[in-house]
Amino acid sequence: MNINAIREQFPILHQEINGHPLVYLDSAASSQKPRSVIDAVNRYYELDNANVHRGVHTLGSRATDAFEGARAKVAAFLNAETPEQIIFTRGTTTALNLVASSYARAVCGEGDEIVITPMEHHSNLIPWQQVAKATGATLKYIPLQPDGTISIDDVESTITPNTKVVSITHVSNVLGVVNPIKEIAAIAHRNGAVIVVDGAQSTPHKRVDVRDLNVDFYAFSGHKMCAPTGIGALYGKKALLNKMEPIEFGGEMIDFVDLYESTWKEIPYRFEGGTPIIAGAVGLGAAIDFLESIGMDEIDRHEKKLTAYAYDKLSTIEGIEIYGPKTDRVGLLTFNLGDVHPHDVATVLDSKGIAVRAGHHCCQPLMRWLNVSATARASFYLYNTEDEIDRLADALIQTKEFFGHGIE
Ligand SMILES: Cc1ncc(COP(=O)(O)O)c(C=O)c1O
């Protein structure tokens, strides 16, 4: 992987912030966009823009081809059986809410269980709380091991024949933990439950094969994998999607409308009410082309090397605590520097041109489990380098010296 050639393709990276070359270490929140994605969106607006699935005119059919072409690219990227199993959404949050509101509310009732973990992002926690409240189902948690991983024994004992839905993140946005989705899917299915996967932090970094994992639903966001904001997708097994009712009603999703009754289109359209996010989908298609041109396995390898380097380098800083397992993690490090507040850490780093995240990372229950109110997080992507990790480590040492009183 030629990292310099890759960096050349990201215009935003070549600027100074507060008098220093930008070091962008916040890709887990949102990744930067390569020139090819920016150009694809511009080209769409300059040449092809029109509404989809409607007019018979040339621009309408070009826009429809571009939109449906992007759906086919997403299907191939996830190794889905067919493109109609890909529903475009605003992102992971909307995709998970669709499964919770349409599928889970219909199948859950008193005495049923929904199983999640304490490491879930609020997007994969609150929708299930709401389903439990509305249906009388019980929300259960697979406990975490001291290093933040989950054990298969705990998965076996938490999921029971009363479980209707297991929903779990593939990769934790705080701990970097990679969950054993294939094994959990097998346990869920043995108990008659479906498995829903939050893929927000996996699809940008790893090859995801929904058929090999044998998952029922898989949700992800484009903006974390080089695509524009406002676009993501939900993959679902055909038999399940075909049984689900839409949750948004209006144009594009109907078959026949009468004064008092209406019928819906087939999947995926019945879940895409209103004018869809056409330019976003075009950008997502271009992002997939870009990532595939480098290779997901190459990206994974680069980030594993970088994360191991960062773990070793940052662990030598006195007073730092890094959360999550040392190995088998995806490209991010969440940490605290003594009792220096993570917002202070992020502010000092920003003054040196280094962008990291500070806060609860939309994981308040996990923060309580870690016994902290907030952390700092440096997250890496295909464009980050070991030099940037060195700059982060040097800046953290200076931060520690600046707030010296906070470090034992
Ligand atoms: C693990 C995880 N799940 C869900 C989300 C929500 O993604 P979005 O805000 O794109 O819907 C995020 C975003 O940070 C995430 O990291």
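Reader: Which residues make up domain 1 and domain 2 in the domain assignment of the protein?

Author: This is a predicted model, by the way. The domain assignment gives domain 1 as 3-25 + 295-405, and domain 2 as 37-293. Their C-alpha centres lie 28 Å apart.

Reader: How do you know that domain 1 and domain 2 are in contact?

Author: Contact means heavy atoms within 4.5 Å. By that rule, 31 residues of domain 1 are in contact with 35 residues of domain 2.

Reader: And what area do domain 1 and domain 2 bury between them?

Author: The size of an interface is often given as the accessible area lost when the parts come together. Here domain 1 and domain 2 bury about 2600 Å², and 65% of that is on carbon and sulfur atoms. On the domain 1 side, Met296, Val330 and Trp369 supply 26% of the area buried against domain 2, more than any other three residues.

Reader: What makes the Asp297 and Arg207 pair a salt bridge?

Author: The cut-off is a side-chain nitrogen of Lys or Arg within 4 Å of a carboxyl oxygen of Asp or Glu. The side chains of Asp297 and Arg207 meet at 3.7 Å, N to O, so by the 4 Å rule the pair counts as a salt bridge. Across the interface of domain 1 and domain 2, the rule finds 1 salt bridge. There are also 12 residue pairs in polar contact between domain 1 and domain 2.

Reader: Which elements give two or more residues to the side of domain 1 that touches domain 2?

Author: Those are α11 (296-315), β14 (332-337) and α13 (364-370). The one that gives the most is α13, with 6 residues. Sorted by type, the residues on that side of domain 1 divide into 18 nonpolar, 7 polar and 6 charged.

Reader: Why does Asp216 count as buried?

Author: Buried means under 20% relative accessible area. Asp216 has 5% relative accessibility, so Asp216 counts as buried. Its place is in the loop between α8 (210-213) and β9 (217-221).

Reader: What makes the link between Asp216 and His189 a polar contact?

Author: A polar contact needs a pair of N or O atoms within 3.5 Å, one able to donate a hydrogen and the other to accept it. The side chains of Asp216 and His189 are joined at 2.7 Å. The side chain of Asp216 also reaches the backbone nitrogen of Ile195, at 2.8 Å. Leaving aside neighbours within four places in sequence, the residues in contact with Asp216 include Tyr235, Lys237 and Leu240.

Reader: Why is Asp328 called exposed?

Author: The word exposed is kept for values over 50%. Asp328 has 65% relative accessibility, so Asp328 counts as exposed. You'll find Asp328 in the loop between β13 (320-323) and β14. Its phi is positive, about 50°, although Asp328 is not a glycine.

Reader: And why is Cys362 called partly exposed?

Author: Cys362 has a relative accessible area of 32%, so Cys362 is partly exposed. Cys362 sits in the loop between β16 (357-359) and α13. Phi of Cys362 is near 60°, a positive value in a residue other than glycine.

Reader: How do you know that the peptide bond from Ile267 to Pro268 is cis?

Author: Look at omega: for the bond from Ile267 to Pro268, omega is near 0°, and the bond is cis. Pro268 lies in the loop between β12 (262-264) and α10 (278-294).

Note on methods
Residues numbered from 1 in each chain as written. Predicted model: local features only at pLDDT ≥ 70, side-chain atom pairs only at ≥ 80, totals over all residues. Heavy atoms only, no water. Domains from an automatic or database assignment. Buried area = accessible area lost by both parts, 1.4 Å probe. Helix = DSSP H or I, 4+ residues; strand = E, 2+ residues; numbered from the N terminus. Nonpolar A, V, L, I, M, F, W, Y, C, P; charged D, E, K, R; others polar. Buried < 20%, exposed > 50% of the residue type's maximum accessible area, 1.4 Å probe, protein only.
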